[in-house]
Amino acid sequence: MTTTSPRPDFTPASDPLDVIRWTLETHPDVPMPSAFNLNGVVLLDLAVKAGYRGEVVFVDTGYHFPETLATRDRLAARYPELTFVTLNDGASPEDGQTDPALYASDPDACCAVRKVAPLQAYLRQRAPSALLNARSRDQASTRADIPFVEDGARVKVNPLAHWTRERLETYAREQDLPVNPLYWDGFLSVGCWTCTRAVRPGEDARAGRWAGMGKTECGLWAGDGKL
């Protein structure tokens, strides 16, 4: 569902709260997919302040760090006004969805089955007109040009597009947000434990994802199956 609210002329200096408020007015059915990384935790807090009372959708691949699942639970307790939805709840490496070693032999296929497909199926059922997500330009070179609002079959809104990692960290500390503790150990972008390592000095925030696998995105935001 959308309304006819005109799109403002957002600039790099636009307040994410204004972007979120416009999104809620224009796309009141918008959900927020999240893996509860630093960006996602900050966006969640800002969204609540802007009046968001919708769904936060997390895909349990079966390979998440315990710290990630604990962060989800802490956020759910902190923001009871939101509905936290976990897809593939109870997934595990032995659940029969994939060969337990598929992540090593074909990480694209593993992501496609365990992460992309469950969310795509959920979105086909719900059919929202837009998605509220936490990507920012300084996370990786592949995201260096993302705008606040991306058009397509489904609008994708990126309120934090122009926020730097330093600004995100400052906000998280000022608001005492429950950031995944792995972040402070150098895991600047946390995915599955099988395919994530700490970031080394001088690397971008997503360099620890699928390192050495020739892969930079899970498939949710890029590629043929993108949202």
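## A buried cysteine

Does C111 count as buried or exposed, and at what relative accessibility? In this predicted model, C111 has a relative accessibility of 10%. Buried means under 20% relative accessible area. C111 therefore counts as buried. The residue is found in helix α5, which covers residues 107–126.

## The annotated binding site

C111 belongs to a set of annotated positions. In an unreviewed entry, UniProt places the feature "binding site" at C110, C111, C192 and C195. These positions are spread over 86 residues of sequence, yet they cluster in space, and the largest C-alpha distance is 10.8 Å. From this set, C110, C111, C192 and C195 are included in the lining of the second largest cavity.

A further member of the set, C192, is found in the segment after α6 (165–174). When its neighbours within four places in sequence are left aside, C192 is in contact with T61, Y63 and F65.

## The annotated domain

An unreviewed UniProt entry also lists residues 32–198 for "domain: Phosphoadenosine phosphosulphate reductase".

## The chain as a whole

The protein chain contains 6 helices and 6 strands. Read from the N terminus, the order of its elements is α-β-α-β-α-β-α-α-β-β-β-α. The radius of gyration of the chain is 17 Å, close to the 17 Å that the globule rule gives for 227 residues, so the chain is as compact as a globular protein of that length. Along its principal axes, the C-alpha trace spans about 50 × 40 × 35 Å.

Of the 227 residues of the protein chain, 55% count as buried. The chain exposes about 10,300 Å², and carbon and sulfur atoms supply 50% of this area. Contacts across the sequence can be described as well: among those between residues at least 6 apart in sequence, 67% join residues at least 24 apart.

## An enclosed strand

Strand β2 (residues 55–59) has 5 of its 5 residues buried, so the strand is largely enclosed by the rest of the structure. In a regular strand the side chains alternate between the two faces of the sheet. Both faces of β2 are covered: E55, V57 and V59 are buried on one side, and V56 and F58 are buried on the other.

Strand β1 (residues 32–33) pairs with β2 in the parallel sense over 2 bridges. Within this pairing, M32 has V56 in β2 as its bridge partner.

Strands of a sheet pair through backbone hydrogen bonds, either parallel or antiparallel. In this model, 3 strands form an open sheet with mixed pairing, in the order β4-β6-β5. Strands β4 (130–132) and β5 (149–150) stand at the edges, and each has a single partner strand, so one side of each is left without a neighbour in the sheet.

The pairing of β5 with strand β6 (residues 155–157) is antiparallel and runs over 2 bridges. Here E150 stands opposite K156 in β6.

Methods: Residues numbered from 1 in each chain as written. Predicted model: local features only at pLDDT ≥ 70, side-chain atom pairs only at ≥ 80, totals over all residues. Heavy atoms only, no water. UniProt positions renumbered as here; feature names shortened; annotations may be inferred. 1 Å grid on protein atoms, 1.4 Å probe; cavity = no way out; pocket = protein on both sides within 12 Å on 5 of 7 lines; lining within 4 Å. Helix = DSSP H or I, 4+ residues; strand = E, 2+ residues; numbered from the N terminus. Buried < 20%, exposed > 50% of the residue type's maximum accessible area, 1.4 Å probe, protein only. Contact = heavy atoms within 4.5 Å. Rg over C-alpha atoms; globule rule 2.2 N^0.38 Å. Areas by Shrake-Rupley, 256 points an atom, 1.4 Å probe, with all protein chains shown as cover. Pairing = 2+ DSSP bridges.
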